[in-house]
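Here is a set of questions and answers for a reader who is meeting this structure for the first time. Each answer sets a computed value against the rule that gives a feature its name.

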Amino acid sequence: PWLGIAMEADPQATGVRVAHVVRGSPADKAGLREGDHVLRVAGTTVARGSDVVHAVGGLAVGDAVELAFSRAGKEQTARVTLAPFASQDDMMRMDLVGAFAPSWKDVAVVSGSFPASIGAMRGRVVLLDFWATWCAPCRVAIPKLDAMQARYGAQGLSVLGVSTEETPDVAAFAQRMAMRYGVAVDKHGQTTRSYGVGSLPTLVIIDKRGVVRDVAIGFDPGADARLDATVRSLLAEPAPTN
């Protein structure tokens, strides 16, 4: 059974702080929000994230559970219907696809042109690639992304690469691979976490409005034609007017 929240300790408050609510999850449908503090699950008092996991784990998929939580110092209750546990990939797609792309934070440009914010990309189609130098599938994907940038850049495509590794390592690798698109280092992993990236490579496809239209997790050599068709379709869409 699955609730659909990420949790963190909060020594300044009672209960377990909700750090993130997966969009479309049981918790989201029940109205829980980031910053709420879970106090009780099905009548059981919780003080740590593990308490919540244990309480939910003792229930069944489809159970309707009363959840007590505090928001802005006031206790409230919600009835949550537990769903089957979602995979990390499914959670990421639920969170991102159809929503505006999260803004990136604290990234340092390593090579090429990397915009200060996702807002600066409005009117362009963006392929945001989360990768690493040690990732063999990433190394295979990079020349393909580079070719797409060369083919469609003038038509409005921007390929951007993000790594959490050390800047000198990423810079040397980008130069060796002749990466002609923008590359940045996510210095403290904030952007990678905000996108829910759990495996590499992960490619986030963002339309001209800044809305995530698809997520490709891992490398599938048979997906090249689909990605090309998706990019061409998004480039053909009208630019936002406001």
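Cys135 and Cys138 form a disulfide, with 2.4 Å between their sulfur atoms. The model is a predicted one.

Q: What makes Cys135 and Cys138 a disulfide?
A: The sulfur atoms of Cys135 and Cys138 are 2.4 Å apart, and a disulfide is a pair of cysteine sulfur atoms within 2.5 Å, so the pair meets the rule. A search of the whole structure finds one disulfide.

Q: Why is the disulfide of Cys135 and Cys138 called right-handed?
A: The torsion about the S-S bond of Cys135 and Cys138 is about 80°, and the disulfide is therefore right-handed.

Q: Are Cys135 and Cys138 buried or exposed, and how do you know?
A: Buried means under 20% relative accessible area; Cys135 has a relative accessibility of 3% and Cys138 one of 0%, so both count as buried.

Q: Why is the pair of Trp2 and Phe85 called edge-to-face?
A: Ring centres must lie within 6.5 Å to pair, and planes over 60 degrees apart count as edge-to-face. For Trp2 and Phe85 the centres are 6.3 Å apart and the planes stand at 65°, so the pair is edge-to-face. Because Trp2 lies in the segment before strand E1 and Phe85 in the loop between strand E6 and helix H3, the pair ties together parts that are 83 residues apart in sequence.

Q: What makes the aromatic pair of Phe130 and Tyr195 tilted?
A: The planes of Phe130 and Tyr195 are at 50°, with 5.4 Å from centre to centre; planes under 30 degrees apart would count as stacked and those over 60 as edge-to-face, so the remaining term, tilted, applies. Phe130 lies in strand E8 and Tyr195 in the loop between helix H6 and E11, so this pair ties together parts that are 65 residues apart in sequence. Phe130 counts as buried at 1% relative accessibility, and Tyr195 is buried with a relative accessible area of 1%.

Q: How do you know that Lys144 and Asp224 form a salt bridge?
A: The closest N and O atoms of Lys144 and Asp224 are 3.0 Å apart, and the rule asks for a side-chain nitrogen of Lys or Arg within 4 Å of a carboxyl oxygen of Asp or Glu, so the pair qualifies.

Q: What makes Arg180 and Asp146 a salt bridge?
A: Their side chains meet at 2.7 Å, N to O, which means that the pair falls within the 4 Å limit. Arg180 is in the loop between H5 and E10 and Asp146 in helix H4, 34 residues apart. Arg180 is exposed, with a relative accessible area of 59%, whereas Asp146 is buried, at 7%.

Key:
Residues numbered from 1 in each chain as written. Predicted model: local features only at pLDDT ≥ 70, side-chain atom pairs only at ≥ 80, totals over all residues. Heavy atoms only, no water. Phe/Tyr/Trp six-rings, centres within 6.5 Å; stacked < 30°, edge-to-face > 60°. Helix = DSSP H or I, 4+ residues; strand = E, 2+ residues; numbered from the N terminus. Buried < 20%, exposed > 50% of the residue type's maximum accessible area, 1.4 Å probe, protein only.
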